[in-house]
Amino acid sequence: KLLYNLTKNQPFGYETSATYNLGNTYKPKELLRAQAFNAIANSGAFIFIDSIDPIGTINPAVYKTMGEIFSETKAYDSYLGGKLCQDVGVYLSTESKFYPQNNAVADNVSTNAVHEPLPHAENVINTIESLIEYNIPYGVITKQNLNDLCKYKIIILPNVIMMNEAEVQALRKYAAHGGCLYASKYTSLFSSEDGTIKGNFQLGDVLGIKYKGETKEKMTFIAPTKTGAKYMPSFSQKYPVSIVGSQIIIEADKDSKVLGTITLPYTDPADPSRFASIHCNPPGKQTDDPAIISRKFGRGRCVYVAADLENQQYHRRTFINLLLSMYNKFTFESDAPKPVEIIAFEQPEQNRYMVNLLNFQNTVPPLAVENIHIKMNVKSRDVKKVSFAVNKQKLKFRKTGAAIEFTVPCLELFAMIVIEY
């Protein structure tokens, strides 16, 4: 998705090594096949990387394998292209991949820690996994896309630690004109000019917050208020949402709705001499400090979370509920299970939509998934036919308002559906 939105000349090229970690062990055919169809599903070109032996030879078995894979993927080449359906934009900032030190000056990431999770980058990945899991159409955007923000229903700022003035102004304009913003933790707190805090969040007026500090505790909680309880139905003041990490202490503007407040553990987890439980750090100190707020800004809506909620893998439902509180009429809906990603493209020149399904599981080959229901908003167009690409097998569909609904009977690794109107 990032490559799609960065590329000026489509298709983009997705490159990956034929071996694990650029080493000497070749990936199995099933994994390379899945990676190749991942590129096809996103309307990109697949490029595999292979090394030349020190004596100038190559392994012919690799090229035999890739030839077999390419012979399978090329059948879909004529269907590629179009406009990616991306209702949600996940904002990626290459300047925000650092560890804030003492909440004052940006601390460079150690060159010896290249395999460690990085702030913001990890937030982006977990955000994307949540959107895939809940079948929400998304794209990944950067500051190169600032002029196109209006096409997104929601823009997610997942702990975007550092911003410049151009980014701040574009996001402020986006929200004022009716866009929906989700922001978390350090978002916009640091200036990209010198890596320091300028006294408050640069988007503070948009999000309705003022910076006051940060909890010293690295294990915290979010307790739902009466207003926010519907977004966290499994939690309460007594049994709040657990957060692995600190939270930002903020002052919320008077026109903001507080959906959750910060709760702290009985004792500071960093102090091994005092504890309330041998197994964990249970919640014990309720505060009035806002943890989640919601507000209007101009014609738009904003949600700010003092923690990096999108990074908490056990609380993805709560994160998604907050997004849905701002907007919930997406291009498609589906009951596809977690490993299945749905990617749709509109091709108005051919009077069709392309709906791609990729079943990329942790083990390959993947287990087949049956009876995936999809509801696609076709903008009240008169749909003539729904069928599989390549083999042309037709699928039954029914019209429901501006949308159509159909079921994919069985998905092994990849399927491409053509909706003709």
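## Basis of the model

The model is predicted, so that local features need pLDDT of at least 70 and side-chain atom pairs count only at pLDDT 80 or more, while totals for chains, interfaces and linings use all residues. Residues are numbered from 1 along each chain as its sequence is written, and side-chain values use heavy atoms, with hydrogens and water left out.

## Overall dimensions

Along the principal axes, the C-alpha atoms fill a box of roughly 60 × 60 × 45 Å.

Of the 421 residues, 52% count as buried, where buried means under 20% relative accessible area, exposed over 50%, and partly exposed in between, with a 1.4 Å probe and protein chains only.

The secondary structure comprises seven helices and 26 strands, which are DSSP runs numbered from the N terminus (helices: H or I, at least four residues; strands: E, at least two). Five of the strands form an open sheet with antiparallel pairing in the order 3-20-21-26-23, two strands being paired if DSSP finds at least two bridges between them. Its edges are strand 3 (83-84) and strand 23 (385-388), each of which pairs on one side only.

Within this sheet, strand 20 (residues 340-347) and strand 21 (residues 352-359) run antiparallel and are joined by eight bridges, and E346 stands opposite Y353 in strand 21.

## Salt bridges

The count comes to 17 salt bridges, each defined as a side-chain nitrogen of Lys or Arg within 4 Å of a carboxyl oxygen of Asp or Glu. In one of them, the side chains of K1 and E341 meet at 2.7 Å, N to O, linking the segment before helix 1 (2-6) to strand 20 across 340 residues. K1 is buried, with a relative accessible area of 15%, and E341 also counts as buried at 11%.

E346 counts as buried at 10% relative accessibility, whereas R381 is partly exposed at 26%.
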